[in-house]
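Subject: Structure handover

Hello,

Here is the structure I promised to pass on. Please open it first, then read my notes below.

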Amino acid sequence: MIDFTPEQLQRYSRQIILKEIGIEGQAKLRRSRVLIAGAGGLGSPAALYLAAAGVGAIDIVDSDVVEVSNLQRQIAHGTSDIGRAKAQSAAEAMLAVNPEIKVRPLQTRLRADNIMDLVRGMDFVLDGTDNFPAKFLLNDACVLAGTPLSHGGVLGFAGQAMTILPGRSACYRCVFRRPPPPGAVSTCSEAEILGAVAGLLGTIQAAEAVKCITGAGVLLTDVLLRFDALTMDFRRISLARQEDCPLCGKAPLITAPIDIPWPACPGAEQCP
Amino acid sequence: MSGGGRRPDAEKNLVGTGCPMNLVYAKFELAKLEQGKILRLIIDDGAPVDNVSRSLAGEGHLIMEREQLADGTWSLLIRKG
């Protein structure tokens, strides 16, 4: 259990000396399993930081391949990865940082019929997806499985994050009952975004994962953290579990994950 | 020398081990002990003995004894908190 080689002690020395992490926290990180949904703008920095921190087993899921327009923000991939599966490319970047961990790249879409198998048994799930159906699907599956989740979303210069401890803190559906109506927001997964803003948020999510696993500090539970990088204002909006939440309320209507239909971007081939 | 008659349950010589690895090894040795057990560290004079003592005390361990040895290094007796 408490067994580290001198090289491992050196690799993790700067976080082992943190009072809140220490040797015991490092051992917890090594024993932990994390699912990162999406190897894009949020998933890339999160994956690299969690690999570097010594999270023992990381599954990283993404169905896409790397495109040149991803590279402005998806820092786990390089120019030579264009055309390769993002999950594989990210896994190699993670193992290059830390070959001691186990990484499982999964090139698949998140669907109602595979999501429970993906989140079950995880110590933490990190939502780095770029569309509402996936965010609701991840929230529903994590609440049903009892798996802690970090929700994250970015657009333009803005970002938001909340951490969900199923049955103990407000879930995504307590706050947002259903996806916004089509047309209310961009349905295009290639919406405007500054790379550093995605990096900020993915890094906040990675910090939440480490805190949740090691028990350090206070999580972003029952709080929606919103920031606007144009002014660098950070705001905390207090949340609470809702008794009438269709997922985690007193009389839940959602008892199994569901695929939410979502219109494809019209003229997707013209998207940036 | 004996820390009030109590013999240490473990010992680690950290002479020549700089910051922060001296603290990492001290925490590693303490992590292997049960609460209330005693670790004896031999550690360099100056910043090492000061920083490691302060950090371990800040994490809830008790520095039972600090004694400078003839060669200038320090012997610390620490009870795991």
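First, the ground rules. This is a predicted model: local features need pLDDT of at least 70, side-chain atom pairs count only at pLDDT 80 or more, and totals for chains, interfaces and linings use all residues. Residues are numbered from 1 along each chain as its sequence is written, chains are lettered from A and ligands numbered from 1 in the order in which they are written, and side-chain values use heavy atoms, with hydrogens and water left out.

**Interface**

Twelve residues of chain B contact 15 residues of chain A (contact: heavy atoms within 4.5 Å). The two chains bury about 1,100 Å² between them, 75% of it on carbon and sulfur atoms. Buried area here is the accessible area (1.4 Å probe) that two parts lose on being put together, summed over both. V24(B), K27(B) and F28(B) supply 43% of what chain B buries against chain A, more than any other three residues.

Helix α1 (residues 21-31) of chain B gives the largest share of its side, seven residues. Helices (H or I, at least four residues) and strands (E, at least two) are DSSP runs, numbered from the N terminus.

How many salt bridges are there between chain B and chain A? The count is zero (salt bridge: a side-chain nitrogen of Lys or Arg within 4 Å of a carboxyl oxygen of Asp or Glu).

**Backbone**

Most residues other than glycine have a negative phi, and most peptide bonds are trans.

- The peptide bond from C19(B) to P20(B) is cis, with omega near 5°. P20(B) lies in the loop between β1 (10-13) and α1 of chain B.
- D222(A) is not a glycine, yet has a positive phi of about 55°. Its loop runs between α9 (195-214) and β7 (223-228) of chain A.
- M232(A), also not a glycine, has a positive phi of about 60°. It sits in the loop between β7 and β8 (233-238) of chain A.

**Core**

The largest nonpolar core has 32 residues. Such a core is a set of buried Ala, Val, Leu, Ile, Met, Phe, Trp, Tyr and Cys residues joined through side-chain atoms within 4.5 Å; buried means under 20% relative accessible area (1.4 Å probe, protein chains only). α7(A) supplies the largest share, seven residues. I115(A) is among those with the most contacts inside the core. Leaving out residues up to four places away in sequence, I115(A) touches L110(A), L137(A), L138(A), A141(A) and P257(A).

Best wishes

Definitions and conventions. Buried < 20%, exposed > 50% of the residue type's maximum accessible area, 1.4 Å probe, protein only.
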